[in-house]
2 protein chains.
Amino acid sequence: MNKYPNQTRFLIAIDCIIFGFDGENLKLLLIHRALVPEKNKWSLMGGFVQPDESTDAAAGRILKQLTGLEGVYMDQLRAFGNPSRDPIERVVSIVYSALIDIRKYKEQLSDEYQPEWFLLKDMPQLIFDHEEMVRAALKDLRYKAALHPVLFELLPEKFTLPQLQALYTGVYDAEFDKRNFSRKVLSTGLLIKQKEKDKENSKKGAFYYVIDKSKYKDKFHSFLNFVPNPDNFLF
Amino acid sequence: MNKYPNQTRFLIAIDCIIFGFDGENLKLLLIHRALVPEKNKWSLMGGFVQPDESTDAAAGRILKQLTGLEGVYMDQLRAFGNPSRDPIERVVSIVYSALIDIRKYKEQLSDEYQPEWFLLKDMPQLIFDHEEMVRAALKDLRYKAALHPVLFELLPEKFTLPQLQALYTGVYDAEFDKRNFSRKVLSTGLLIKQKEKDKENSKKGAFYYVIDKSKYKDKFHSFLNFVPNPDNFLF
DNA sequence: TCAAAAGTGTTCGGACTACACCCATGA
DNA sequence: TCATGGGTGTAGTCCGAACACTTTTGA
């Protein structure tokens, strides 16, 4: 097995940053850590990479373990390789971040880990370097979302413009002008207006939209500039 | 040492993608691989992470081993974790990419590894998944350089606008209008015009510029839009 | 004097910003 | 009828794109 002699081998963990949107707020899914040390403290969902398992597959497995979800949007952020990041033993962690629609999936949340959704501003202290991971993931999400329609991954099949705007508001912790916002997102041609309205959140009701999937795939990598003056929000 | 029981440990490699600019062309530094398998084939410079060494430090060490350089701009790209990526034994590789000024440093290149600079379009076949790594790094570089003044890291202390433009041309494999280009880079306020000219590359001579270091640090993260219609070049 | 590269200015159109009022409805 | 949130339009400005000629100087 060990064909490269005289080299040290390391544990490799996956940690998952799971962003969710419930139609009103951007949230982060955390668990009570089951292992010592720091047992019962809040933590990202994680696990060790297994033999013959790709890191991407490990991330998918770990996400599924917690949420029951497969086929979710998930991207590798980067590896965290500080030798003292886990006080027990050296572990290099590869961090993935996922975007999920809370309402669609909340029933499937396993509670073996006592998971809980937190508003970013109410995030508790996390173990190890997990807070740094979250900060990096949020920055990365803001970066991507300023240019590409990633946030659409967090939405239910049908959603309204006010919901979409609430999502952007949550991600950037900033208000956007609704006239400019709707003009901009509609100008992408990615949204198809539905006949029905969502009447739950207002008396007048807001029209539902769905994503035009084919255009979404085509334009995903285009520079769409969803966020005015991104400088103000990113750093 | 092994405090987390029953978990598999893995080799972790660092691979370095080293971009360089010689005043005319963007190039990539490759080595002849010293180890079997694929001995003597072209490869990225790499090595294994050592105990008690952070992955960032390992990347710095490996870069220095090859180039003699320290304090170079270097960023982690991401981890490559496919279990079959190295046919000998499973190795998870964390890829870093560095930007260096070829002329400033070429004397320091160790030739233990028989390193050679290649134009991107003349890149030979590489071992394992190294070509995928290079593609990903180039994409990442194009992405960053479209928005931030990263490419300035590749330049010598004094450089001319035609050189800078040649660099962008190399990175994007595309021509830019020199009037718009110079207006755009000068409008950032990051460049300070010098009195002297570079007369090596033309009869008339081109004015040298230097970076305004303090403004450079301030504005590094701003969205500067160096590249017109980035959609056209990125994907 | 001529070839080769450097340097510079203008016009046009589209995009972004700021801003305020009317609409539909359920209570 | 009124309070609440949804939806829309415009004017001014700025920025990006396209485009061509003059300058310098060494050979």
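Analyst: By class, the surface near DNA strand D has 4 nonpolar, 5 polar and 13 charged residues. Near means that a heavy atom of the residue lies within 4 Å of the strand. Ala, Val, Leu, Ile, Met, Phe, Trp, Tyr, Cys and Pro count as nonpolar, Asp, Glu, Lys and Arg as charged, and the others, Gly among them, as polar. This is a predicted model, where local features need pLDDT of at least 70, side-chain atom pairs need pLDDT 80 or more, and totals for chains, interfaces and linings use all residues. Residues are numbered from 1 along each chain as its sequence is written, chains are lettered from A and ligands numbered from 1 in the order written, and side-chain values use heavy atoms, without hydrogens and water.

User: Which residues come nearest to DNA strand D?
Analyst: Lys178(A), Arg179(A), Lys204(A), Phe207(A) and Arg179(B), out of 22 residues around DNA strand D.

User: Which element gives the most to the surface near DNA strand D?
Analyst: H5(B), with 4 residues. Helices (H or I, at least four residues) and strands (E, at least two) are DSSP runs, numbered from the N terminus.

User: Now DNA strand C. Which residues come nearest?
Analyst: Arg179(A), Lys203(A), Pro162(B), Arg179(B) and Phe207(B), of the 22 around DNA strand C.

User: What does Arg183(B) sit 3.1 Å from?
Analyst: A base oxygen of DNA strand C, reached from a side-chain N or O atom of Arg183(B). In chain A, a polar side-chain atom of Arg183(A) lies 3.5 Å from a base nitrogen of DNA strand C. Phe207(B) uses a polar backbone atom, 2.9 Å from a phosphate oxygen of DNA strand C.

User: And which element supplies the largest share near DNA strand C?
Analyst: H5(A), with 4 residues.

User: Different topic. Where is Gly81(B)?
Analyst: Gly81(B) is in the loop between E5 and strand E6 (91–101) of chain B.

User: Is Gly81(B) buried or exposed?
Analyst: Gly81(B) is buried, with a relative accessible area of 7%. Buried means under 20%, exposed over 50%, and partly exposed in between, using a 1.4 Å probe and protein chains only.

User: What is Gly81(B) in contact with?
Analyst: Leaving aside neighbours within four places in sequence, Gly81(B) is in contact (heavy atoms within 4.5 Å) with Glu53(A), Ser54(A), Thr55(A), Arg90(B) and Val92(B). The C-alpha atoms of Gly81(B) and Ile94(B) are separated by 8.5 Å, and the two are 13 residues apart along the chain.

Technical notes:
Polar contact = N/O pair within 3.5 Å; in protein donor to acceptor, adjacent residues only side chain to side chain.
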